[in-house]
Amino acid sequence: MKNILITGGAGFIGSHVVRLFVNNYPDYHIFNLDKLTYAGNLANLVDVESKPNYTFLKADITNAEELAVLFEKHKFEAVIHLAAESHVDRSITNPLEFVITNVVGTVNLLNTAKNAWKNNMEGKLFYHVSTDEVYGSLHDENEFFLETTSYDPQSPYSASKASSDHFVRAYHNTYKLPVVLSNCSNNYGQNQFPEKLIPLFIHNIQNQKALPVYGKGENVRDWLYVVDHARAIDLVFHKGKIGDTYNIGGFNEWKNIDLIKVVCKAMDKKLGRTAGESEKLITYVTDRAGHDLRYAIDATKIMNELGFKPSLQFEEGIEITIDWYLNNKKWLEDVTSGNYQNYYNQQYGEKFIA
Ligand code: NAD
Ligand code: TYD
């Protein structure tokens, strides 16, 4: 049995990675370490919480003592690091929180792994999950982000992720820590916190609330279904070359306003509303400060070297996603009302021992 630490597993992408690893690898014991910030929701993992190869650890990556105790106790052989503050708008309001979690937290984790593995790095792996936002904003429509593209982060969020990426590479170069990194484009799918564009708009359409489109809605994002991101992480974890970086994406660019109209149309149909009704909720609002114009990933390397291929087209993925939110009203209600934050206490009570 190999003990694997996944951080941020109660969040959006982390919960899909935890599920995939718990279900597909019975020889791994998956330890999900999460602080359960506003973005952490154990309801995302009800289907795996009683599996014998799964353990939840409530802990904070910024707490070095806590991490040292857990590494000593559970002898992790690999880390998949997803815990982070992840929302650009929050980073504009509170940048320091992003420095503490994303930079200090990542360095703490690197340091703990380095200390725990110092006598034998053989077979160990520190996998850092990052974002395409570290590359900055594209202005020429023929340009794509490559693994070799220079870092040029523009928001406090992307600056904190870029910094954490640099530290991961520094630990590889300086201490020979076996690392691998991936930088993925925007994810969408079930269990995403409804502060991000797609779940927020699904929620607002359902409740006949305004759809706040930043600026003119002309910014472009490159969207990947979250389960496909988890599959790509599985590939990088098992087949990625130590010290390498892999860009993850599915060549799926959408101008915000076009994507929003797709969501509006689909929602009208599913809710039995007159065609065009949801589009009337679109409200153009003041643009996000420093709003990156376009992100677009060139995923050729992971496709050619590791055989990655998205499992579904965007049109199918967005249908599945909308259906999930409509069929999981309780999840959305609990998240928007704050009820989900009681879940940990209700389910685990005092049973939890790190
Ligand atoms: P999320 O905000 O949904 O989840 C983050 C998780 O980290 C939460 O469960 C939270 O409780 C936990 N966490 C936060 N601070 C912590 C701390 N100090 N200690 C322990 N746990 C802590 O984020 P997400 O969208 O699932 O993103 C996960 C990772 O993937 C992040 O590193 C993010 O930068 C990266 N990423 C996200 C996207 C995207 O589109 N969402 C795209 C590419 C990369
Ligand atoms: P978001 O989901 O916050 O992801 P990111 O900023 O990491 O790309 O936003 C996706 C795009 O949608 C981005 O261009 C900002 C825009 N947006 C809106 O227009 N309105 C909103 O309410 C939100 C949350 C985002």
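Which residues are buried in helix 5? In this predicted model, where local features need pLDDT of at least 70, side-chain atom pairs count only at pLDDT 80 or more, and totals for chains, interfaces and linings use all residues, the buried residues of helix 5 are Tyr157, Ser158, Ser160, Lys161, Ala162, Ser164, Asp165, Val168 and Tyr171; buried here means under 20% relative accessible area, with a 1.4 Å probe and protein chains only. Residues are numbered from 1 along each chain as its sequence is written, and ligands are numbered from 1 in the order in which they are written.

**Helix 5**
- Helix 5, a DSSP run (H or I, at least four residues), covers residues 156-175, and because 20 residues at 1.5 Å a residue should span 28 Å, the 28 Å between its end C-alpha atoms agrees.
- The cover over its buried residues includes helix 3 (88-93), helix 4 (95-117), strand 5 (125-131) and strand 6 (179-184), where contact means heavy atoms within 4.5 Å and strands are DSSP runs (E, at least two residues).
- Lys176, which follows helix 5, has a positive phi, near 60°.

**Surroundings of ligand 1**
- Ligand 1 is surrounded by 29 residues, the closest being Ile13, Asp34, Ser86, Tyr157 and Lys161, with a residue taken as near if one of its heavy atoms lies within 4 Å.
- Strand 5 contributes the most to this shell, giving three residues.

**Backbone atoms at ligand 1**
- A backbone N or O atom of Ile61 lies 3.0 Å from a nitrogen atom of ligand 1, while a polar backbone atom of Asn187 is 2.9 Å from an oxygen atom of ligand 1.

Technical notes
Side-chain values use heavy atoms; hydrogens and water are left out. The expected span of a helix is 1.5 Å times one less than its number of residues. Buried means under 20% relative accessible area, exposed over 50%, partly exposed in between (1.4 Å probe, protein chains only). A polar contact is a pair of N or O atoms within 3.5 Å; within protein, one must be able to donate a hydrogen and the other to accept it, and residues adjacent in sequence count only if both atoms are side-chain atoms.
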